[in-house]
Amino acid sequence: IYITNTSSPKGLWEKKIHEIGGEHYYLTEDEWGYLSDSFNISTISTYLLYDSNGVFKNKIKAYPGNDKMRKMIEELL
């Protein structure tokens, strides 16, 4: 799931989501405020990792690269 806010130009976002795949959501300022407060998100990009039971396991504040991210996800499944 990919989530962004109004800091991302909507036209560019709409173009890029087709290249990335997955579920994408463009949030309003109020929605982003609620989400960032609820999950203590202070930077973009932030990645929240959950196991297959929906239990929160890890928070990453910068993309670690495809190989490392894939390994972390596979360990949680």
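Trainee: Is Y63 buried, exposed or partly exposed?
Mentor: Y63 counts as partly exposed, because its relative accessibility is 39%. Buried means under 20% relative accessible area and exposed means over 50%, with partly exposed in between, using a 1.4 Å probe and protein chains only. Keep in mind that this is a predicted model, where local features need pLDDT of at least 70 and side-chain atom pairs count only at pLDDT 80 or more, while totals for chains, interfaces and linings use all residues. Also, residues are numbered from 1 along each chain as its sequence is written, and side-chain values use heavy atoms, leaving out hydrogens and water.

Trainee: OK. How many aromatic pairs does the structure hold?
Mentor: There are three aromatic pairs. One of them is Y47 with Y63: the ring centres are 5.4 Å apart and the planes sit at 50°, so this pair is tilted. Rings of Phe, Tyr and Trp (its six-membered ring) pair if their centres lie within 6.5 Å; planes under 30 degrees apart count as stacked, over 60 as edge-to-face, and the rest as tilted.

Trainee: And where in the chain are Y47 and Y63?
Mentor: Y47 is in strand β3 (residues 47-50), and Y63 is in the loop between β4 (56-60) and α3. They are 16 residues apart, and the pair links distant parts of the chain. Helices (H or I, at least four residues) and strands (E, at least two) are DSSP runs, numbered from the N terminus.

Trainee: What about the rings of Y50 and F56, why is that pair called edge-to-face?
Mentor: Their planes are at 65°, so the pair is edge-to-face, with the centres 5.5 Å apart. Y50 has 35% relative accessibility and therefore counts as partly exposed. F56 is partly exposed too, with a relative accessible area of 42%.

Trainee: Switching topic: how many salt bridges are there?
Mentor: The count comes to four. A salt bridge here is a side-chain nitrogen of Lys or Arg within 4 Å of a carboxyl oxygen of Asp or Glu. One of them joins E19 and K16, whose closest N and O atoms are 3.7 Å apart.

Trainee: Where do E19 and K16 lie?
Mentor: Both are in helix α1 (residues 10-20), three residues apart, which is about one turn of the helix. E19 is exposed at 54% relative accessibility, while K16 is partly exposed at 39%.

Trainee: Which side chain meets R70 in a salt bridge?
Mentor: That would be D67, at 3.9 Å from N to O. R70 and D67 are both in helix α3 (residues 66-76), three residues apart. D67 is exposed at 64% relative accessibility, and R70 is partly exposed at 47%.

Trainee: What does E75 form a salt bridge with?
Mentor: With K71; the closest N and O atoms are 4.0 Å apart. E75 and K71 also both lie in helix α3, four residues apart, about one turn of the helix. Both E75 and K71 are exposed.

Trainee: Zooming out, how many helices and strands does the protein chain have?
Mentor: Three helices and four strands. Along the sequence they follow the pattern β-α-β-α-β-β-α.

Trainee: Last one: what percentage of the residues count as buried?
Mentor: Of the 77 residues in the protein chain, 23% count as buried.
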